[in-house]
Amino acid sequence: MAQAISARGKFAARLARHSTGIIASVLFVAPIVWTALSAFKPAAEARLPPLPPWPTTGFSLENYATLNSFGDGLWASAQNSIYVSVMTVLLSVVVSVLAGYGFSRFRFPFKDLFFVLILSTIMIPFQSILTPIFLVLTKLGLHNTLTGLVGVYVTLQLPFSIFMMRNAFDAVPREIEEAARMDGAGNATMLLRVMLPLVWPGVVTIALFAFLGAWNEFLAALVLMTDQSKFTLPVMMTALQSGRFGAIDWGAVQAGVTVMMVPCLILFLALQRFYIRGLMAGAVK
Amino acid sequence: MTTIIASTTAPPRARKRVGAGRRQWIGLIYVAPAVALVLVFFVIPLGMTAWMSLHNWPLMGEHAFIGLDNYWAILRDTRFWNALKFTGYYTVIVTIAIFAIAFPLAIFIEKPRPLTNLYRTFFFMPAVVGFASASLLWSWLLNVDSGLFSPAAYDLGLIDKKFNLLATFQPAFWSIIAMVVWKVAGFTMIILMTGLQSIPQDLQEAAVIDGAGPFARFRAITLPLMRRTLALALILSVAGSILAFDQFYIILRGGPRNQTLTAVYWIFNQSFVSFKLGYGAALSMVLLVILVALSLIQLWLLRKPEGLD
């Protein structure tokens with residue numbers, strides 16, 4: 001008897017837990033799915049309220065096509081976003097791996113000063129130094145160029161990613177290096193062939209954060225990219241949503257938002273444990 | 001070449017030190033690109049912000065040194081103080097709202113049980129989407145004619161005429177709060193979860209044996225042992241909210257009636273719409289001081305507990 005009651009109680013608790021989990025999951029995921037589904041409606045239907053969210057008058061890619069007809073088109077902005085994000089990933093990985101290795105394994109003048117300098121930039125909001133960054137880029141001839149934007153994004157990543165990489169290198173036992181040195185490994189071989197495979201998880205983590213940071217950044221791109229042909233997706237989509245290209249086409253907004261969200265979601269789902277790892281590293285220190 | 005000379009002239013011990021010293025210096029080369037980037041895109045702009053704040057600096061034409069005039073102007077700039085006040089109000093409300101959702105979620109997903117990982121992934125998904133994407137998405141959902149909320153409420157008969165959520169301050173403000181909580185709660189949840197998981201299980205069990213109820217355990221064990229995690233989540237939320245811009249720019253354009261202009265939004269307007277670069281720099285300095293002060297409070301809150309490592 002008592003056993004039956006406790007079993008029923010357990011079942012009720014499990015039911016309550018999973019209903020909570022499912023309802024909360026739906027609330028968090030619904031807006032994303034709603035947008036992605038609505039984007040497949042024909043343009044006429046996309047103007048109406050999204051009830052139900054899926055297309056009822058036939059599946060269509062019309063919204064994606066319209067999106068490509070605004071300004072320089074969706075594809076041009078997407079290319080800009082891809083270029084900026086990929087370059088930010090590559091450069092911040094190279095710069096952070098080198099610096100992480102340098103800070104972990106060598107003693108040189110001003111080492112502590114440089115390390116503290118790089119980490120302390122995290123305290124200063126970049127929003128407050130955008131005007132001079134604009135002027136510096138102009139001086140360097142990088143005004144209104146995607147390369148200039150990449151430079152800014154890489155710098156924003158540095159405190160986190162160098163901290164990550166230095167810790168990753170610190171965790172590699174020195175005996176491994178000494179053994180490799182005995183075998184005659186030079187500096188480059190040492191870093192690329194011996195050390196890099198050992199710190200690879202850290203590299204994936206900083207690459208993921210660099211991609212998400214660059215792909216999603218809005219304010220710096222809005223301020224620094226004045227020419228429409230240089231717009232990244234967030235800037236382009238905001239221009240479209242503000243009615244800069246005539247009446248607001250909500251179908252096109254849904255399509256554009258989907259394009260902006262999907263790469264982030266795929267990367268996150270594929271590399272989730274690296275993402276959580278990065279957050280933990282940040283949270284524990 | 002130099003090593004050969006060194007090996008012939010110096011005694012063996014000194015030679016070894018020179019070799020090791022030279023190898024150590026290579027570290028400078030490794031960190032040089034990072035240091036150069038930080039100098040060009042951070043240190044120099046930071047110095048320039050301070051310098052520009054002392055000037056009348058239009059986009060075109062000559063700039064002129066005007067001492068502290070920009071700062072005196074800030075004191076009389078009621079719209080900046082209103083923006084700062086609004087930013088503070090938003091920060092308090094949104095931080096409370098985020099914690100109110102994220103803490104229960106963190107407790108919900110803390111223990112490894114069936115499907116927990118799946119729920120965690122779902123809760124976290126909005127956090128990897130950018131603020132700009134999330135704002136664009138919600139600007140559509142909140143739209144009075146083509147959106148979801150108002151037409152759905154109308155269809156369900158909850159309201160007798162379509163209601164524009166973005167036309168007046170209160171509904172517009174709470175819409176933004178809802179959107180930000182949706183986007184950020186998963187992130188805060190993960191941070192709080194790491195804190196919960198770091199609490200030794202036997203401590204909780206001992207308290208259960210001693211007859212402590214769930215509330216007493218939460219107050220006497222969970223909260224004190226999570227102090228550093230809580231402080232971190234709090235600071236991240238506060239710093240992020242003080243710098244809020246995307247959602248207010250994209251969804252509300254600072255409206256209705258400029259009531260939702262945040263501090264960063266006001267600086268953006270002064271610098272890049274009115275092109276008063278010097279004045280914008282002075283405003284930036286004020287914002288910077290606030291944020292640095294916050295960081296110092298953070299360091300103090302995050303200090304290691306006394307008696308422990």
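Domain bounds are taken from an automatic or database domain assignment. The structure shown is a predicted model, in which local features need pLDDT of at least 70, side-chain atom pairs count only at pLDDT 80 or more, and totals for chains, interfaces and linings use all residues. Residues are numbered from 1 along each chain as its sequence is written, while chains are lettered from A and ligands numbered from 1 in the order in which they are written.

**View 1. The two domains of chain B.** Chain B is assigned domain 1 (2-38) and domain 2 (78-301). Between the C-alpha centres of these two domains of chain B lie 50 Å.

**View 2. Confidence along chain B.** The pLDDT, the predictor's confidence in each residue from 0 to 100, averages 86 in chain B, and 91% of the residues score at least 70. Residues 1-18 of chain B have a pLDDT below 50, and this stretch makes 6 contacts in the model beyond near neighbours in sequence. Two residues are in contact if their C-beta atoms, placed from the backbone, lie within 7 Å.

**View 3. Where chain B touches chain A.** Chain B supplies 71 residues to the contact and chain A supplies 72 residues. On the side of chain B, helix α2 (residues 12-52) gives the most, with 21 residues; helices are DSSP runs (H or I, at least four residues), numbered from the N terminus. For the complex, the predictor gives an ipTM of 0.91 and a pTM of 0.89.

View 4. A:Thr56 sits in the loop between α2 (43-46) and α3 (62-67) of chain A. A:Thr56 is exposed because 11 other C-beta atoms lie within 10 Å, and a residue counts as exposed at 12 or fewer, with C-beta atoms placed from the backbone. The C-alpha atom of A:Thr56 is separated by 9.9 Å from that of A:Phe40, 16 residues apart along the chain.

Terms used. Helix = DSSP H or I, 4+ residues; strand = E, 2+ residues; numbered from the N terminus. Buried ≥ 20, exposed ≤ 12 C-beta atoms within 10 Å, placed from the backbone.
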